[in-house]
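This explanation is intended for a reader meeting the structure for the first time. Please view the sequence and the model together before reading on.

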Amino acid sequence: MLTLQSYLSLAAIIFSIGIIGIVINRKNIIIVMMCTELLLISVNFNFIAFSYFNQDIAGQIFVFFILTVAAAEAAIGLAILVALYRNKKSIDVHELRTLRN
Amino acid sequence: MIKEIIFYTFSSVLICSSLAVILFRNPVYSAVSLILSFITSGFLWLLLQAEFLAIVLILVYVGAVMVLFLFVIMMLNINNERDKSSFNSLAPFALFIGLIIAAELITLIWINSSQFNINSLSIQEPDQVSNTLALGKELFTNYILSFEIAGFILLLAIIISISLTLRTRKNVKTQIASEQISVDPSTRIKLVDLKERE
(Lines give C-alpha, C1' and ligand atoms only; values in the text may rest on other atoms or scores of the structure.)
Protein backbone atom coordinates (compact mmCIF):
# COMPACT_ATOMS: atom_id res chain seq x y z
CA MET A 1 0.00 0.00 0.00
CA LEU A 2 1.55 3.24 -1.13
CA THR A 3 0.74 6.02 1.27
CA LEU A 4 1.64 9.66 1.37
CA GLN A 5 4.24 8.85 4.00
CA SER A 6 6.27 6.65 1.67
CA TYR A 7 6.54 9.41 -0.92
CA LEU A 8 7.41 11.98 1.74
CA SER A 9 10.06 9.68 3.18
CA LEU A 10 11.60 9.23 -0.26
CA ALA A 11 11.69 13.01 -0.66
CA ALA A 12 13.29 13.38 2.78
CA ILE A 13 15.98 10.84 1.86
CA ILE A 14 16.75 12.68 -1.39
CA PHE A 15 16.85 15.99 0.48
CA SER A 16 19.37 14.72 3.02
CA ILE A 17 21.48 13.20 0.23
CA GLY A 18 21.56 16.64 -1.36
CA ILE A 19 22.65 18.28 1.89
CA ILE A 20 25.37 15.65 2.43
CA GLY A 21 26.58 16.34 -1.10
CA ILE A 22 26.77 20.07 -0.48
CA VAL A 23 28.85 19.54 2.65
CA ILE A 24 31.15 16.92 1.09
CA ASN A 25 31.81 18.63 -2.23
CA ARG A 26 31.84 22.23 -1.10
CA LYS A 27 35.05 22.98 -2.99
CA ASN A 28 33.56 22.23 -6.38
CA ILE A 29 30.83 24.73 -7.22
CA ILE A 30 29.43 22.68 -10.10
CA ILE A 31 28.72 19.70 -7.84
CA VAL A 32 27.17 22.05 -5.29
CA MET A 33 24.80 23.34 -7.98
CA MET A 34 23.88 19.78 -8.92
CA CYS A 35 23.10 19.07 -5.27
CA THR A 36 20.87 22.15 -5.25
CA GLU A 37 18.96 20.58 -8.14
CA LEU A 38 18.56 17.43 -6.03
CA LEU A 39 17.11 19.51 -3.18
CA LEU A 40 14.65 21.16 -5.58
CA ILE A 41 13.59 17.78 -6.94
CA SER A 42 12.84 16.50 -3.46
CA VAL A 43 10.72 19.56 -2.68
CA ASN A 44 8.86 19.04 -5.96
CA PHE A 45 8.24 15.46 -4.86
CA ASN A 46 6.52 16.72 -1.74
CA PHE A 47 4.33 19.11 -3.72
CA ILE A 48 3.29 16.47 -6.24
CA ALA A 49 2.60 13.85 -3.55
CA PHE A 50 0.36 16.23 -1.63
CA SER A 51 -1.32 17.29 -4.86
CA TYR A 52 -2.11 13.68 -5.71
CA PHE A 53 -3.30 12.61 -2.30
CA ASN A 54 -5.48 15.69 -1.83
CA GLN A 55 -6.66 15.74 -5.46
CA ASP A 56 -5.76 19.41 -5.72
CA ILE A 57 -4.08 20.67 -8.86
CA ALA A 58 -2.52 23.70 -7.13
CA GLY A 59 0.48 21.68 -5.99
CA GLN A 60 1.37 20.91 -9.58
CA ILE A 61 1.11 24.61 -10.42
CA PHE A 62 3.68 25.31 -7.74
CA VAL A 63 5.95 22.61 -9.16
CA PHE A 64 5.63 24.29 -12.56
CA PHE A 65 6.85 27.59 -11.15
CA ILE A 66 9.62 25.93 -9.16
CA LEU A 67 10.86 24.27 -12.35
CA THR A 68 10.84 27.63 -14.14
CA VAL A 69 12.75 29.44 -11.43
CA ALA A 70 15.20 26.53 -11.07
CA ALA A 71 15.98 26.60 -14.78
CA ALA A 72 16.61 30.35 -14.62
CA GLU A 73 18.75 29.88 -11.52
CA ALA A 74 20.86 27.18 -13.17
CA ALA A 75 21.40 29.33 -16.26
CA ILE A 76 22.46 32.39 -14.25
CA GLY A 77 24.64 30.33 -11.91
CA LEU A 78 26.48 28.70 -14.78
CA ALA A 79 26.94 32.10 -16.45
CA ILE A 80 28.44 33.45 -13.23
CA LEU A 81 30.68 30.40 -13.11
CA VAL A 82 31.92 30.97 -16.67
CA ALA A 83 32.62 34.65 -15.95
CA LEU A 84 34.43 33.67 -12.74
CA TYR A 85 36.58 31.12 -14.51
CA ARG A 86 37.46 33.65 -17.16
CA ASN A 87 38.75 36.09 -14.54
CA LYS A 88 40.32 33.75 -12.00
CA LYS A 89 41.30 30.73 -14.12
CA SER A 90 39.84 28.47 -11.43
CA ILE A 91 36.52 27.84 -9.73
CA ASP A 92 37.90 26.82 -6.35
CA VAL A 93 35.87 28.34 -3.53
CA HIS A 94 39.01 29.07 -1.53
CA GLU A 95 40.29 31.37 -4.25
CA LEU A 96 37.27 33.65 -3.86
CA ARG A 97 38.45 36.07 -1.22
CA THR A 98 38.72 39.27 -3.19
CA LEU A 99 36.28 41.04 -0.86
CA ARG A 100 38.18 40.10 2.28
CA ASN A 101 39.83 43.06 4.12
CA MET B 1 0.58 -4.46 -6.42
CA ILE B 2 2.19 -3.36 -9.67
CA LYS B 3 2.30 0.18 -8.31
CA GLU B 4 4.29 -0.90 -5.28
CA ILE B 5 6.77 -2.79 -7.47
CA ILE B 6 7.21 0.26 -9.72
CA PHE B 7 7.54 2.60 -6.77
CA TYR B 8 10.14 0.59 -4.91
CA THR B 9 12.17 -0.19 -8.04
CA PHE B 10 12.33 3.40 -9.22
CA SER B 11 12.86 4.87 -5.77
CA SER B 12 15.81 2.56 -5.15
CA VAL B 13 17.26 3.57 -8.53
CA LEU B 14 16.63 7.21 -7.60
CA ILE B 15 18.40 6.92 -4.25
CA CYS B 16 21.37 5.07 -5.76
CA SER B 17 21.77 7.58 -8.57
CA SER B 18 21.53 10.53 -6.16
CA LEU B 19 24.24 8.91 -4.06
CA ALA B 20 26.28 8.52 -7.23
CA VAL B 21 25.87 12.25 -7.94
CA ILE B 22 27.56 13.19 -4.68
CA LEU B 23 30.13 10.36 -4.59
CA PHE B 24 31.65 10.32 -8.08
CA ARG B 25 34.97 12.11 -8.36
CA ASN B 26 34.49 13.11 -11.97
CA PRO B 27 31.89 15.90 -12.49
CA VAL B 28 30.86 14.44 -15.85
CA TYR B 29 29.84 11.17 -14.19
CA SER B 30 27.97 13.16 -11.55
CA ALA B 31 26.04 15.03 -14.25
CA VAL B 32 25.14 11.80 -16.03
CA SER B 33 23.88 10.18 -12.83
CA LEU B 34 21.90 13.35 -12.09
CA ILE B 35 20.25 12.84 -15.48
CA LEU B 36 19.38 9.29 -14.42
CA SER B 37 17.85 10.53 -11.18
CA PHE B 38 15.77 13.12 -13.08
CA ILE B 39 14.44 10.42 -15.39
CA THR B 40 13.53 8.09 -12.53
CA SER B 41 11.80 10.88 -10.64
CA GLY B 42 9.89 11.62 -13.83
CA PHE B 43 8.64 8.04 -13.80
CA LEU B 44 7.66 8.37 -10.16
CA TRP B 45 5.72 11.53 -11.00
CA LEU B 46 3.89 9.57 -13.69
CA LEU B 47 2.83 7.22 -10.91
CA LEU B 48 1.36 10.22 -9.09
CA GLN B 49 -0.71 11.24 -12.15
CA ALA B 50 1.39 14.32 -12.88
CA GLU B 51 1.98 13.42 -16.51
CA PHE B 52 2.60 16.90 -17.85
CA LEU B 53 5.16 17.74 -15.19
CA ALA B 54 6.94 14.42 -15.67
CA ILE B 55 7.36 15.10 -19.40
CA VAL B 56 8.38 18.69 -18.70
CA LEU B 57 10.93 17.50 -16.15
CA ILE B 58 12.53 15.15 -18.65
CA LEU B 59 12.38 17.62 -21.56
CA VAL B 60 13.50 20.75 -19.74
CA TYR B 61 15.92 19.32 -17.22
CA VAL B 62 17.52 16.51 -19.17
CA GLY B 63 17.24 18.30 -22.49
CA ALA B 64 18.30 21.79 -21.48
CA VAL B 65 19.64 22.25 -17.99
CA MET B 66 21.81 19.15 -17.78
CA VAL B 67 23.16 19.73 -21.27
CA LEU B 68 24.10 23.21 -20.07
CA PHE B 69 25.83 21.68 -17.06
CA LEU B 70 27.76 19.26 -19.27
CA PHE B 71 28.76 22.08 -21.62
CA VAL B 72 30.08 24.17 -18.74
CA ILE B 73 31.93 21.23 -17.18
CA MET B 74 33.63 20.42 -20.45
CA MET B 75 34.29 24.06 -21.34
CA LEU B 76 35.92 25.02 -18.06
CA ASN B 77 38.56 22.28 -18.15
CA ILE B 78 38.69 21.84 -14.40
CA ASN B 79 41.11 19.26 -13.09
CA ASN B 80 38.76 16.37 -12.77
CA GLU B 81 40.22 14.71 -9.73
CA ARG B 82 38.68 16.14 -6.63
CA ASP B 83 40.66 16.82 -3.52
CA LYS B 84 40.69 13.49 -1.73
CA SER B 85 41.89 14.78 1.63
CA SER B 86 39.05 17.23 2.19
CA PHE B 87 36.63 14.63 0.84
CA ASN B 88 37.64 12.14 3.51
CA SER B 89 37.94 14.62 6.35
CA LEU B 90 34.48 16.07 5.74
CA ALA B 91 32.69 12.77 5.15
CA PRO B 92 31.88 11.84 8.80
CA PHE B 93 30.66 15.36 9.55
CA ALA B 94 28.49 15.39 6.44
CA LEU B 95 27.14 11.93 7.21
CA PHE B 96 26.29 13.10 10.75
CA ILE B 97 24.39 16.15 9.48
CA GLY B 98 22.61 14.20 6.78
CA LEU B 99 21.54 11.38 9.07
CA ILE B 100 20.22 13.87 11.64
CA ILE B 101 18.20 15.70 9.00
CA ALA B 102 16.85 12.48 7.48
CA ALA B 103 15.90 11.09 10.89
CA GLU B 104 14.15 14.31 11.89
CA LEU B 105 12.20 14.57 8.66
CA ILE B 106 11.12 10.94 8.59
CA THR B 107 10.08 10.84 12.25
CA LEU B 108 8.13 14.06 11.76
CA ILE B 109 6.43 12.61 8.71
CA TRP B 110 5.42 9.40 10.46
CA ILE B 111 4.42 11.03 13.76
CA ASN B 112 2.29 13.79 12.30
CA SER B 113 0.68 11.63 9.66
CA SER B 114 -2.73 11.98 11.30
CA GLN B 115 -2.70 15.73 10.70
CA PHE B 116 -2.19 15.53 6.95
CA ASN B 117 -5.96 15.54 6.47
CA ILE B 118 -6.14 13.45 3.33
CA ASN B 119 -9.45 12.72 1.74
CA SER B 120 -8.35 9.28 0.73
CA LEU B 121 -11.67 8.22 -0.75
CA SER B 122 -11.22 10.22 -3.92
CA ILE B 123 -7.72 9.03 -4.69
CA GLN B 124 -8.33 5.99 -6.81
CA GLU B 125 -10.53 7.74 -9.34
CA PRO B 126 -8.48 9.08 -12.22
CA ASP B 127 -9.51 12.48 -13.46
CA GLN B 128 -11.93 12.66 -16.32
CA VAL B 129 -10.03 15.50 -17.95
CA SER B 130 -6.41 15.04 -18.84
CA ASN B 131 -3.75 16.33 -16.53
CA THR B 132 -2.45 18.84 -19.07
CA LEU B 133 -5.91 20.27 -19.64
CA ALA B 134 -6.58 20.65 -15.94
CA LEU B 135 -3.19 22.24 -15.35
CA GLY B 136 -3.65 24.63 -18.25
CA LYS B 137 -7.12 25.66 -17.15
CA GLU B 138 -5.88 26.43 -13.67
CA LEU B 139 -2.71 28.11 -14.91
CA PHE B 140 -4.38 30.47 -17.37
CA THR B 141 -7.22 31.53 -15.09
CA ASN B 142 -6.27 31.70 -11.44
CA TYR B 143 -2.52 31.89 -11.81
CA ILE B 144 -2.22 34.08 -14.91
CA LEU B 145 -0.26 36.81 -13.11
CA SER B 146 2.23 34.29 -11.73
CA PHE B 147 2.53 32.82 -15.20
CA GLU B 148 3.44 36.22 -16.65
CA ILE B 149 5.96 36.77 -13.86
CA ALA B 150 7.52 33.38 -14.61
CA GLY B 151 7.91 34.41 -18.24
CA PHE B 152 9.52 37.65 -17.13
CA ILE B 153 11.92 35.71 -14.90
CA LEU B 154 12.97 33.62 -17.89
CA LEU B 155 13.52 36.79 -19.92
CA LEU B 156 15.66 38.16 -17.08
CA ALA B 157 17.65 34.93 -17.05
CA ILE B 158 18.36 35.29 -20.77
CA ILE B 159 19.47 38.92 -20.42
CA ILE B 160 21.58 38.31 -17.32
CA SER B 161 23.38 35.25 -18.64
CA ILE B 162 24.13 36.90 -21.97
CA SER B 163 25.40 40.08 -20.35
CA LEU B 164 27.56 38.11 -17.92
CA THR B 165 29.25 36.01 -20.53
CA LEU B 166 29.41 38.50 -23.42
CA ARG B 167 32.97 39.53 -24.01
CA THR B 168 34.25 42.20 -26.36
CA ARG B 169 37.57 41.20 -27.82
CA LYS B 170 40.41 43.57 -28.33
CA ASN B 171 42.14 43.96 -31.72
CA VAL B 172 39.07 43.04 -33.70
CA LYS B 173 37.40 45.60 -35.93
CA THR B 174 33.67 45.73 -35.24
CA GLN B 175 30.83 48.09 -35.87
CA ILE B 176 29.88 50.51 -33.14
CA ALA B 177 26.26 51.13 -33.91
CA SER B 178 25.72 53.99 -31.48
CA GLU B 179 28.52 56.03 -32.96
CA GLN B 180 27.32 55.26 -36.45
CA ILE B 181 23.85 56.51 -35.67
CA SER B 182 24.93 59.67 -33.86
CA VAL B 183 27.12 60.90 -36.69
CA ASP B 184 26.48 64.48 -37.69
CA PRO B 185 26.47 64.76 -41.49
CA SER B 186 27.84 68.29 -41.44
CA THR B 187 31.17 67.06 -40.06
CA ARG B 188 31.51 64.30 -42.59
CA ILE B 189 30.78 65.93 -45.92
CA LYS B 190 32.29 69.13 -47.09
CA LEU B 191 30.77 70.67 -50.16
CA VAL B 192 33.21 72.60 -52.21
CA ASP B 193 32.26 74.87 -55.02
CA LEU B 194 34.52 74.16 -57.93
CA LYS B 195 34.86 76.87 -60.44
CA GLU B 196 34.18 75.92 -63.97
CA ARG B 197 37.31 75.69 -66.02
CA GLU B 198 37.41 78.40 -68.50
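The paragraphs below describe how the two chains meet and then turn to a single residue.

The structure is a predicted model. Between them, chain A and chain B bury about 6900 Å², and carbon and sulfur atoms account for 80% of that area. Ile24(A), Met34(A) and Tyr52(A) supply 9% of the area that chain A buries against chain B, more than any other three residues. The contact draws 66 residues from chain A and 79 residues from chain B.

Polar interactions across this contact can also be counted. Seven residue pairs, with both residues at pLDDT 80 or more, are in polar contact between chain A and chain B, while the number of salt bridges between the two chains is zero.

On the side of chain A that touches chain B, the elements giving two or more residues are α1 (4-24), α2 (29-54) and α3 (58-88) of chain A. The largest share of that side comes from α3(A), with 23 residues. By residue class, the side of chain A that touches chain B comprises 50 nonpolar, twelve polar and four charged residues.

Ser18(B) belongs to helix α1 of chain B, which spans residues 2-23. Is Ser18(B) buried or exposed? Ser18(B) counts as buried because its relative accessible area is 0%, and the cut-off for a buried residue is under 20%. Leaving aside residues up to four places away in sequence, Ser18(B) touches Ile14(A), Ile17(A) and Leu38(A) of chain A, together with Ser37(B) of chain B.

Notes: Residues are numbered from 1 along each chain as its sequence is written. Chains are lettered from A and ligands numbered from 1 in the order in which they are written. This is a predicted model: local features need pLDDT of at least 70, side-chain atom pairs count only at pLDDT 80 or more; totals for chains, interfaces and linings use all residues. Side-chain values use heavy atoms; hydrogens and water are left out. Contact means heavy atoms within 4.5 Å. Buried area is the accessible area (1.4 Å probe) that two parts lose on being put together, summed over both. A salt bridge is a side-chain nitrogen of Lys or Arg within 4 Å of a carboxyl oxygen of Asp or Glu. A polar contact is a pair of N or O atoms within 3.5 Å; within protein, one must be able to donate a hydrogen and the other to accept it, and residues adjacent in sequence count only if both atoms are side-chain atoms. Helices (H or I, at least four residues) and strands (E, at least two) are DSSP runs, numbered from the N terminus. Ala, Val, Leu, Ile, Met, Phe, Trp, Tyr, Cys and Pro count as nonpolar, Asp, Glu, Lys and Arg as charged, and the others, Gly among them, as polar. Buried means under 20% relative accessible area, exposed over 50%, partly exposed in between (1.4 Å probe, protein chains only).
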